[in-house]
Each structure stands twice: as C-alpha cells, then as structure tokens.
Amino acid sequence: STALLAGTYSSVWADGADYADGDVHTIGVVLYDPDSVEMEMFADYYRDYIQEGFPVKFIFSGKISDSEAEKAFIAEAMAEGAGGIISFAGYADGLQDVIKTCEEDEIYYALGSNTVSDENYDAIKDNPWYMGCVGPDLQTVYEAGCDMTEFFLDKGAKNIVIMSGGASAGNRLHQVRTWGMLNTLEEKAGLVLTEDAEKLSATDQVTELSDKDGNLHVTICPGYTEMGGAGLDNLSTAFAAGDCDTLMSAFHVSTYLNKISDKEKEQDSNIMVGAIDSFSEQNFQIFQVKDSFGNEPIDYVRGKYASMAGPAFAMIYNAITGNTDAVEENGEAVRLYQNLWTAKSEEEYIELYGYATGIYENAYSCDDLMQVIRQFNENANPQSFKELTEASDVESAKERIFQD
C-alpha cells in the first residue's frame, strides 16, 4: 500500500508531469518559528514525505510572531501561486482578521495543530474559506501535565523543579500543562498551593512550595530557555537552593540538559527528567547519549508527533481541488481533536518515533490520507475524514501500519 513513497514518483512530479489532473498544487505553511523543534518536525514531514507522495509543493514561512506577519506571508504565498494555507501559528487574538483576509484573497485556510476557542469558532465557522482546525484540545493538554506528575510521584519524586516555560508570558499551552502538574501535586501529594493552581501556573517569579510536613518540595521556574529568556537563570536559582530528584518541563529540555547534568554531578545523584514536548529528531538524538549515571537523559516524553500534521494537509488538499464537502458538513468548518503520544523509556521513544517519521510505515501514511481525499477516493466524506483524524493514538496508528 506504500508503493507511492520514497521518491518512486518524485522525479516525475518534479517535472509537473501528468499525475491525476496534471497539476502540482502549491500550499503555504505558516511556522511560528522555523527553528523551533516542533515546527522543524512538521516541516520535515511535509517536505520529505508528503511532497514525495503527492503532486504538491509547500512554501514555508519565516518566523511569524503575530497575525500581521501571518497576513503578510499569506499574500507572499498567494503571489507564488498558493491555493491554500496550513497555519501552525493561528494567533487567537488575530484569527478572525486573518480569516477575513483569506476570504478577500479567496485562499483556503486550516490550522495545522491547534484548537480554536468557542468564541473564535462561532465567528469563523461559516466562512467558506476557513476549513477548520486539527490538534489536541486543552483538556488533553491539561491531562498531559497530570499524567506526567503521577508518573514521577509513583517513582518517588520529592524534590521537584517545574519548568513552566512561556506560561508567564501568555503561552496558554505551557500554562495549562503547568496547571495540571500543580493540581496533581496538590491532590495526590498534599502540596500546599499559595494561590489557585490556574493562577499560580502563570507566575513570573521563581516560586517555592512544599507540603505541610516539608517532605515534598516544588519549585516553579518560569521563562523560556533560549534567546535570553529568564528560564536558565531561574533554573540556576532553583538548583542553587538544594538537591533535586525530578525535573518536569512544560516544554522541551534540550536547551538546558547540560545544566541538569552539572547539577547531577554536583549532588552526585540522578535527576529524573520529563518533558511535554514532541517526538522530534532532537529528542531522538538526546536518547542516544547516557548521562554520567548511565541513565537516559530523559525519562518521560509526552507530545505531538510529525505526522499529526497529515489530516490538515488532507483538509487543504480537498479544498484546493474543489472538494470542501469531503471535509465539511453543511459548509461548517471542522474542529477535530488528536491525542498526544507518551514514551516512558528509550525503547518506547525509538519505536514511536519510527511510526511518526517512517518513510515506509507511518502513523498517517500517504496511502491513509489518499483515502480521505476525494481526488484519489471518490467515496471520501466528512465521516471518514473525522474518523481518520481522530484515530491518532498509538494503537490506531499501529493498526493502520500493520493492516497489510
């Protein structure tokens, strides 16, 4: 079923030769930061995999930090012939404005790995140029924080540092993950919270908390850890205060693994590390190295994976080939939800990483996506699209991969 992959046709398609209707379709992809590991992961899936399997060409944006920049990129992509946009930015405060621009320019738009508030959804769902969004919902994001915390509490975590990343700077995903961690520490381990967990998760100060007997210590370290973010200094402050046995991050850990390693050497004991991040190549590389205690540098990863971006592609591909009704029912934009994956060991990470990035076997293979694109399957319909999109968990992916 995967004969279409691994460049079988790419040389032909590169010449724009006859394939289906003979057209190569151009799609613009909005990246909030092309250097972010997660954005790189999605871009690689489109560039190295989807582009090899479909008559399509992607144009990727540079760094897009607000909706004005997003609108400027949409204009550039259109000038290069794009018929649709897949956005991994979709800034909530400017989304309605962006959709208005797409309507004026007559270009289709979908959110690649994101959710939309009820308020925004109600305002844009009937716009024929907005196809919808696909991604983990906030409940899933919140539970990611809860589950990781339970995992480490079961392993005896007592001195915990929480890296809350952009939670204090308005990054809702980081904040909701941190909120889940704090609530779970309160419920399951008796942590005394100085204010409500939702509010505390957004603190911009290094904040020390404990249970009433002083057996559990938790330090919240806010701030990003790259480009002069306060996170690294805050982590140094937390580490200087005493021993640490567990570090839980609401984002990646790659930019401060050396700090963790130095702390382990200094206290002469291992630190368990967990990240709500993504099944990226960077984390794959991290797993190849052992720390000074012979352990993997990361003990737990929960996150998005490369081919989660497949359904958003199918959505836009249907739209630009004149088949919006293969995705939408009654002309209403879709809101579909996907699961995050979890690895609790190096072996598990490597296995799942393979499913997410494999050329021959993939969680969302070209073959899977063709089933929900009307140009390749005349029976493609909103129900089959929804079913495929929401079957994003590991078991469903394995079922698709091994069904041959």
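Contact here means heavy atoms within 4.5 Å. By that rule Ser-67 touches Tyr-91, Gly-94 and Val-98, not counting residues up to four places away in sequence. The structure is a predicted model, in which local features need pLDDT of at least 70, side-chain atom pairs count only at pLDDT 80 or more, and totals for chains, interfaces and linings use all residues. Residues are numbered from 1 along each chain as its sequence is written, and side-chain values use heavy atoms, with hydrogens and water left out. Helices (H or I, at least four residues) and strands (E, at least two) are DSSP runs, numbered from the N terminus.

- Ser-67 lies in helix α3.
- Ser-67 is buried, with a relative accessible area of 11%; buried means under 20% relative accessible area, exposed over 50%, and partly exposed in between (1.4 Å probe, protein chains only).
- The axes of α3 (residues 67–79) and α4 (residues 95–105) come within 10 Å and cross at roughly 20°. Such axes are lines fitted to C-alpha atoms, for helices over the stretch in contact, and angles run from 0 to 180 degrees between N-to-C directions.
- The angle makes α3 roughly parallel to α4; angles under 35 degrees count as roughly parallel, over 145 as roughly antiparallel, 65 to 115 as roughly perpendicular and the rest as oblique.
- α3 and α4 cross in a right-handed way. A crossing is left-handed if the near helix is turned anticlockwise from the far one by less than a right angle, and right-handed if clockwise.
- On the α3 side the contact is made by Ser-67, Glu-68, Glu-70, Lys-71, Ile-74 and Met-78, and on the α4 side by Asp-97, Val-98, Thr-101, Cys-102 and Asp-105.
- Sorted by class, this contact of α3 with α4 has four nonpolar, two polar and five charged residues. Ala, Val, Leu, Ile, Met, Phe, Trp, Tyr, Cys and Pro count as nonpolar, Asp, Glu, Lys and Arg as charged, and the others, Gly among them, as polar.

**Helices α6 and α7**

- The axes of α6 (residues 138–154) and α7 (residues 172–189) come within 7 Å and cross at roughly 45°.
- That angle makes α6 oblique to α7.
- The crossing of α6 past α7 is right-handed.
- Residues of α6 in the contact include Leu-138, Val-141, Tyr-142 and Gly-145, and those of α7 include Arg-172, Leu-173, Val-176 and Trp-179.
- The contact of α6 with α7 has twelve nonpolar, five polar and four charged residues.

- Gly-190 lies in the loop between α7 and α8 (197–200).
- Gly-190 counts as partly exposed, at 37% relative accessibility.
- Not counting residues up to four places away in sequence, Gly-190 touches Leu-185, Asp-211 and Lys-212.
- Gly-190 and Asp-213 are 23 residues apart in sequence, and 9.3 Å separates them in space, C-alpha to C-alpha.

**Helices α9 and α10**

- The axes of α9 (residues 231–240) and α10 come within 11 Å and cross at roughly 10°.
- The two helices, α9 and α10, are therefore roughly parallel to each other.
- Their crossing, α9 with α10, is right-handed.
- Leu-232, Leu-235, Ser-236 and Phe-239 in α9 meet Lys-259, Ile-260 and Lys-263 in α10.
- By class, that contact of α9 with α10 has four nonpolar, one polar and two charged residues.
- Lys-263 lies in α10 (residues 257–267) and is buried, with a relative accessible area of 3%.
- Leaving aside neighbours within four places in sequence, Lys-263 is in contact with Phe-239, Gly-242, Asp-243, Cys-244 and Ile-271.

**Helix α12**

- Helix α12 (residues 310–320) is mostly covered, with eleven of its eleven residues buried.
- Among the buried residues of α12 are Gly-310, Pro-311, Phe-313, Tyr-317 and Asn-318.
- Gly-322, which follows α12, has a positive phi, near 80°.

**Helix α16**

- Val-394, Ser-396, Ala-397, Arg-400 and Ile-401 are buried in helix α16 (residues 394–401).
- These residues cover an arc of only 165° around the axis, which puts them on the same side of α16; the arc is that of the directions from the helix axis to the C-beta atoms.
- Glu-395 and Glu-399 are exposed on the other side of α16.
- The buried residues of α16 pack against β13 (341–343), α13 (346–357), α14 (366–371) and α15 (382–390).
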